[in-house]
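Hello,

Here is the structure we talked about. Please open it alongside this message; my notes on what I found follow below.

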Amino acid sequence: MPRDEVPTPELPVQVPLVTEPWGILKSLEVARRNLLELIPEVATRQPIVSGRTAVRWHMVMDPEANRYILKDAVDNYPKSDVTKLILKPAIGESLFIAEGAHWRWQRRAAAPVFSHRNISNLGPIMSLAAERSSERLESAVGRAANLFDEMVTATFEVISDVTFSGGEKFDRSAVHAAIDKYIAQTAKVSILDIFGAPGWIPRPLRMISSGAMREMKRMADGAIEARRASGPHNVPDLLDLLLEGEDPKTKRTMSTEELRDNLLTFIVAGHETTALTLAWSLYLLAFDPTVQARARAEAQGVLQGRTATADDVENLPFIRQVIDEALRLYPPAAMVSRIAREADTLCGREVRAGDTVMLPFYALHRNHLLWDHPHAFNPDRFSDPKAIDRYAYLPFGDGPRICIGASFAIQEAVIILATLISRFRFSRVPGKEPKPVLILTLRPEGGVWLKVERAGPEGAAKAA
Ligand code: HEM
């Protein structure tokens, strides 16, 4: 029996991938419900799977080909229209969406904002959010709480504090509600585009530019103008840094509209993804109480009762491994999509100009050719990061379009997870398992419901 087929008593939740040949594509309804259900099971056993609906498409799960698509031949594989159609009405021609020269200058202008030093400076905001989350969880002790909702609240506090700190003119809950509503509506419809649904299928939601979205943009513009007038804060936030940001080559700086689109991009791209990382990490720790005890022992040993800070992150390697493993099993950006500009060959297969090339990280991260026991939760895989093939593990993408907020997200997730796990014990609630559903991001349908209890000293901390 191959090593990866030794029976495991129980595995964390997954969506059973389809095993019958492409009959499933009969039903585009499936795609609207859960894009994961369209990934065939063979995608976890082969380097490439190709097919044809209205368009020709390929799913690639091969490290070498990933490197080629995302890095070496990046100019031949621009982002597909799907992502752009979904996000453009909300975030314009921002960093996430732009291509070519317009992307390049924005990336150069924004890069210093995410430097190691600036991210460390934002640590206190993340610690404060961890502290507030911990206070809210105190009131949930003894009962079950939806930790996904709780993590969305915590990460939204961070992202709104680091984008528009002070925020006099900024109604956070209104912005939060507008973004959530927008993503929920547009994503469902636009998934049809990936598989080339015929053009006559109505996409009504994209056509309405919602009042909430207009109001959000107006508020953001107001906050930017107010900041231009008042000057930067003592500890600069992302808005101050972006206002200063200029393309080192052209010396160009951002207009109010460009600033707004990029700040809203950071909010959209940054808060739910990080909340998902935390919620799935907590689910996995509840799934495996032994790993949870180990994580708690590390956090308690380092923190000694206090809230985690940016300086603690390097001393919390096991907490980081848990996060890495959660990002493997439940990558928030579970699939990215590109279009082949010119004809090419991938994994020995013919790719024609115009073909859709999907990189389903969910299937890559669970591919039997690349991982031992791919569906099992085992943070020890990441004990030596050098042992991981870089292009077999892509929660943040790679190449020039790699996530600009990756270090920001990891620092925030370690600070919040270490603080919470040092103080609370989380256990599963029978009958309330989350179901992974991919609609733009990989969400736990039904939430992550866990029983919350106060934690006593664990292992190493007890002995200390
Ligand atoms: C765990 C949390 C996060 C995950 C899993 C994640 C994942 C990703 C992935 C996979 C991409 C590449 C998309 C592609 O190639 O098509 C990306 C791009 C991006 N992310 Fe993140 N992200 C996270 C957090 C953040 C944060 C916190 C921010 C900002 C504050 C951010 C801002 C961006 C931006 C601006 C891009 C586009 C970069 C470019 O095209 O130059 N992300 N992210």
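The largest nonpolar core has 126 residues. Those with the most contacts inside this core are Ala 279, Leu 282, Val 414, Ile 416, Leu 417 and Ala 418. α12 supplies the largest share of the core, 17 residues. As general background, nonpolar side chains in soluble globular proteins tend to be buried together. Please keep in mind that this is a predicted model.

Leaving out residues up to four places away in sequence, Ile 416 touches Met 126, Ala 129, Ala 130, Ser 133, Ala 154 and Leu 278.

For the chain as a whole, there are 17 helices and 11 strands. The chain has 464 residues, and buried residues make up 45% of them. Among contacts with a separation of 6 or more, 77% are between residues 24 or more positions apart.

Next, the ligand. The shell around the ligand has 23 residues, of which Gly 270, Thr 273, Gly 397, Cys 403 and Gly 405 come nearest. The largest share, seven residues, comes from α12. By type, the shell divides into 13 nonpolar, seven polar and three charged residues.

Then there is α14 (317-329). This helix has 13 residues and reaches 18 Å from its first C-alpha to its last, close to the 18 Å expected at 1.5 Å a residue. Of its 13 residues, 11 are buried, so α14 is largely enclosed by the rest of the structure. Charged residues are on the buried list too, including Arg 320, Asp 324, Glu 325 and Arg 328. The buried residues of α14 pack against α12 (256-287), α13 and α16 (406-423).

Thr 307 sits in the loop between α13 (289-303) and α14. Is Thr 307 buried or exposed? Thr 307 has 23 C-beta neighbours inside 10 Å; a residue with 20 or more is taken as buried, so Thr 307 counts as buried. Apart from neighbours within four places in sequence, Thr 307 is in contact with Ser 127, Ala 130, Glu 131 and Thr 419. Ala 130 is also one of the residues that Ile 416 touches. The C-alpha atoms of Thr 307 and Leu 420 are separated by 8.7 Å, although these two residues are 113 residues apart along the chain.

Regards

Note on methods:
Residues numbered from 1 in each chain as written. Predicted model: local features only at pLDDT ≥ 70, side-chain atom pairs only at ≥ 80, totals over all residues. Helix = DSSP H or I, 4+ residues; strand = E, 2+ residues; numbered from the N terminus. Buried ≥ 20, exposed ≤ 12 C-beta atoms within 10 Å, placed from the backbone. Contact = placed C-beta atoms within 7 Å. Expected span 1.5 Å × (residues − 1). Core = buried A, V, L, I, M, F, W, Y, C linked by C-beta atoms within 7 Å. Near = placed C-beta within 6 Å.
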